[in-house]
Amino acid sequence: MATVAELPDSVLLEIFSYLPVRDRIRISRVCHRWKRLVDDRWLWRHVDLTLYTMRPKVMWHLLRRYMASRLYSLRMGGYLFSGSQAPQLSPALMRALGQKCPNLKRLCLHVADLSMVPITSLPPTLRTLELHSCEISMAWLLRQQDPTVLPLLECIVLDRVPAFRDEHLQGLTRFRALRSLVLGGTYRVTETGLDASLQEMSYLQRLEVLGCTLSADSTLLAISRHLRDVRKIRLTVRGLSAPGLAVLEGMPALESLCLLGPLITPEMPSPTEILSSCLTMPKLRVLELQGLGWEGQEAEKILCKGLPHCMVIVRACPKESLDWWM
């Protein structure tokens, strides 16, 4: 049986990649070989700092010593609820990420106060930006901002961002490379605002509307009007009816449709009505029904039998993580 010392570098690197950042740095003190492996570029492509309340000095050290040009994706927290003495994200740190990490493509911020961090300070190389339980200022994402900001942005996730409203949604129309939009719990967005914004974002290929105050029928109506080339739709079924689902019939490019519960109303389409609508979608390959209570029931059999060309997934809602901010 091989000892740790006999394992090839590639295997050790794979093992080290599962360690938290703090432990990666600690194991570099074990021996010269492990120190060399910890310095390997491959190990620092994806970094998750959400587990720590990190002092600015330590963050700057990581940036200069380990991440720099190696970094491809970064998850970090802003400690919004950790008290006034907790370190906060700063414009200087965001600008440094852009200058020292030219390959950074994905940035996920959790529980961060971005009210004093202008969007212009974010790394211009970003293709994916995720905001989870973050505070933003009224000036964030407004249409009047510099149109050259984040020119490569393809995907934006706005999850429980309480200040996000119609004006911000309208401001997303200036990101011409945007192809994926996820709205989660953005309760200030209205049906009128969504319809007006999607009218100018006909190029979107993926739209998710989850846990918002918008009804599913109004969301699908806006999609059918303005996003004829959308490929993936994912939304909660609050306010969904058979006529509301029927507006998607004939969608030429739709490949994946996901409906999430558990808010089921008497108007909720039956399995037969869902099947009827799906049969009119020529490119549909994935139908997912989550949290509707249909798993193992007759409804699942009807859909699987009626859509042999599709991957039909019927399952319960996954358990929520105890780490609600993640």
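Modeller: In this predicted model, the axes of helix α10 (residues 271–278) and helix α11 (residues 298–306) come within 9 Å and cross at roughly 20 degrees. Residues are numbered from 1 along each chain as its sequence is written. Local features need pLDDT of at least 70 and side-chain atom pairs pLDDT 80 or more, while totals for chains, interfaces and linings use all residues; side-chain values use heavy atoms, without hydrogens and water. Helices (H or I, at least four residues) and strands (E, at least two) are DSSP runs numbered from the N terminus. Axes are lines fitted to C-alpha atoms, for helices over the stretch in contact, with angles from 0 to 180 degrees between N-to-C directions.

The crossing angle makes α10 roughly parallel to α11 (under 35 degrees; over 145 is roughly antiparallel, 65 to 115 roughly perpendicular, the rest oblique). On the α10 side, P271, I274 and L275 take part in the contact (heavy atoms within 4.5 Å), and they meet A299, I302, L303 and G306 of α11. By class, this contact of α10 with α11 holds 6 nonpolar residues, 1 polar residue and no charged ones (Ala, Val, Leu, Ile, Met, Phe, Trp, Tyr, Cys and Pro are nonpolar, Asp, Glu, Lys and Arg charged, the others, Gly among them, polar).

The axes of α4 (56–67) and α5 (residues 91–100) come within 11 Å and cross at roughly 10 degrees. That makes α4 roughly parallel to α5. M59, W60, L63 and R64 of α4 meet A92, L93, A96, L97 and K100 of α5. These residues divide into 7 nonpolar, no polar and 2 charged. The buried residues of α5 (under 20% relative accessible area; exposed is over 50%, partly exposed in between; 1.4 Å probe, protein chains only) are L93, M94, A96, L97 and G98. Their cover includes α4, β2 (73–77) and β3 (106–110).

Aromatic rings are a further topic. The whole structure has 2 aromatic pairs (Phe, Tyr or Trp rings, the six-membered ring for Trp, with centres within 6.5 Å; planes under 30 degrees apart are stacked, over 60 edge-to-face, the rest tilted). The rings of F16 and W34 are edge-to-face because their planes stand at 70 degrees, with centres 5.1 Å apart. F16 lies in helix α1 (residues 9–16) and W34 in helix α3 (residues 32–38), 18 residues apart. F16 is buried at 3% relative accessibility, and W34 is buried at 18%. W44 and Y66 form a stacked pair, 4.7 Å centre to centre with 25 degrees between the planes. W44 lies in the loop between α3 and β1 (46–48) and Y66 in helix α4, so this pair ties together parts 22 residues apart in sequence. Both W44 and Y66 are buried.
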